[in-house]
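Student: Please take a close look at one part of this model. Then connect that part to the rest of the chain.

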Amino acid sequence: MSYLIFLDTNIIFNDFFFKSSDMKKLLKYTRHEPVDLCITKFNYNEIIKKYKDEIRPLVKKVKSTKSDLLKLEAAEIIDFESLNANKITLKYKEFLDRTIKENSIKVIDYPISKNITETISNKYFNNIKPFDENKISFQDAIIWESIVEYCNINKPDNVAFISSNHKDFANKDLNSIHEDLAADIQDLNYYNSISVFLESEEDNLKDYFTDNFEYNKELLEDELKLYFERNDYLQNTVDDLLMNSEFKGDYFTGWGTDAYIDDYIITLNETTLDIEENAILISFDIEIEVSFSIETVDPTYDRGDPGDGMISEGSSTSILIQGNITYLLDNKEFIDYVELDIEFN
């Protein structure tokens, strides 16, 4: 029985390096079962483009500090020559290609059928999914027609399409493919996340993963807290979120700065034992209480006045991070921390 699983770009967007528990489960499942895991060529290139789009402003932000570091004779702490968005993206492409090869992920080519331009155009002009009257982008149409053409040629017994883009692909129930698209591929099942797909395949995962195993929950939470105390992950995440958010204070509106983490609570949501790797895949929440300053430019400041021309006032907030991490039981160490969602609580 042939079984194809297609991943949309948005499934990888928050997990560029395939670290999440759900992604690890999916990759192991496809290695052991007679399943082909696929992405389209358009998805492949879109993943790389989105990675570059994420890296470029970060590189620009770091480079903006170069002149200040030079004044303080501290520029050597950063290798500005290697700090290049294209170079970093190329390294990511090498990682992605290696991951595709190691996991036998199929990259499905662009559609080349004779009437493909007419097919996509007709759907666009008639507001047929993945288009609608407010959707003029052709990306999703190219992805969908790539899948349709491949399935028409290879005629798989079952097809799964995993995409969080339910607005353009799903019916109102968000759990099935939109009726405009249902006739294009027979026996296709739509899933709005990897976790929903894994729930449907729970019986086939029992040989590789188990949720029924003994472990010390309090000890694991304590070890995880120690892990975060030994690195700057939480502080860096909080700093970045505050700096890129706008806050309304008692006297003015500005961005967040000078963050101090007052306290944080870690809650384990799900723990799964990877039987072969002897590792625990952990899904957890971190609730963080933060004190910070709201800062903005002083509108009354004139050149030559004392100070730096900024005004600030104190504030506080709560932040919720949903993350995954893997704990290696043999080595007693954490690896592959990934933040899947960050929001103000």
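Tutor: Start with helix H13. The buried residues of H13 pack against helix H12 (217–229), strand E7 (246–248), strand E8 (253–274), strand E9 (279–297), strand E10 (310–328) and E11. Contact here means heavy atoms within 4.5 Å. Helices (H or I, at least four residues) and strands (E, at least two) are DSSP runs, numbered from the N terminus.

Two notes before we go on. This is a predicted model, where local features need pLDDT of at least 70 and side-chain atom pairs count only at pLDDT 80 or more, while totals for chains, interfaces and linings use all residues. Residues are numbered from 1 along each chain as its sequence is written, and side-chain values use heavy atoms, leaving out hydrogens and water.

Which residues of H13 are buried? In H13 (residues 233–243), they are Leu234, Thr237, Val238, Leu241 and Leu242. They span an arc of only 125 degrees around the axis, so they sit on the same side of H13. The arc is taken from the directions that run from the helix axis to the C-beta atoms. Buried means under 20% relative accessible area, exposed means over 50%, and partly exposed lies in between (1.4 Å probe, protein chains only).

Now look at one of the strands that H13 packs against, E8. Thr271 is in strand E8. Thr271 is buried, at 10% relative accessible area. Not counting residues up to four places away in sequence, Thr271 touches Asp211, Phe213, Tyr215, Leu220, Ile280, Leu281 and Ile282. Thr271 and Ser283 are 12 residues apart in sequence, and their C-alpha atoms are 6.4 Å apart in space.

E11 is another strand that H13 packs against. Asp336 has its place in E11 (residues 333–344). Phi of Asp336 is near 60 degrees, which is a positive value in a residue other than glycine. Asp336 counts as partly exposed, at 27% relative accessibility. Asp187 has phi near 60 degrees too. Asp187 lies in the loop between helix H9 (179–182) and strand E5 (188–191). Asp187 is exposed, with a relative accessible area of 53%. Ala182 is in H9 itself, and at 35% relative accessibility Ala182 counts as partly exposed.

Next, the cores. In soluble globular proteins, nonpolar side chains tend to be buried together. A nonpolar core is a set of buried Ala, Val, Leu, Ile, Met, Phe, Trp, Tyr and Cys residues joined through side-chain atoms within 4.5 Å. The largest one has 37 residues, and Ile5, Met23 and Phe197 have the most contacts inside it. Several elements each supply at least two residues of this core, including strand E1 (3–7), helix H2 (21–32) and helix H10 (194–200). H3 gives the largest share, six residues.

Met23 deserves a look of its own. Setting aside residues up to four places away in sequence, Met23 touches Leu7, Ile11, Ile12, Asp15, Phe18 and Ile194.

H3 also has a helix partner. H3 (residues 41–63) and helix H7 (residues 139–154) pack at an angle of about 140 degrees, with their axes 8 Å apart. That angle makes H3 oblique to H7. Angles under 35 degrees count as roughly parallel, over 145 as roughly antiparallel, 65 to 115 as roughly perpendicular, and the rest as oblique. Axes are lines fitted to C-alpha atoms, for helices over the stretch in contact, and angles run from 0 to 180 degrees between N-to-C directions. Phe42, Asn43 and Glu46 of H3 meet Gln139, Ile142 and Ile143 of H7.

The loop between H6 and H7 holds Phe138. Phe138 counts as partly exposed, at 34% relative accessibility. Its contacts, leaving aside neighbours within four places in sequence, are Ile120, Tyr124 and Phe131. Pro130 is found in the loop between H6 (116–125) and H7. A cis peptide bond joins Lys129 and Pro130, with omega about 10 degrees.

Last, the whole chain. The protein chain has 13 helices and 11 strands. Of its 345 residues, 45% count as buried. Among contacts between residues at least 6 apart in sequence, 71% join residues at least 24 apart.
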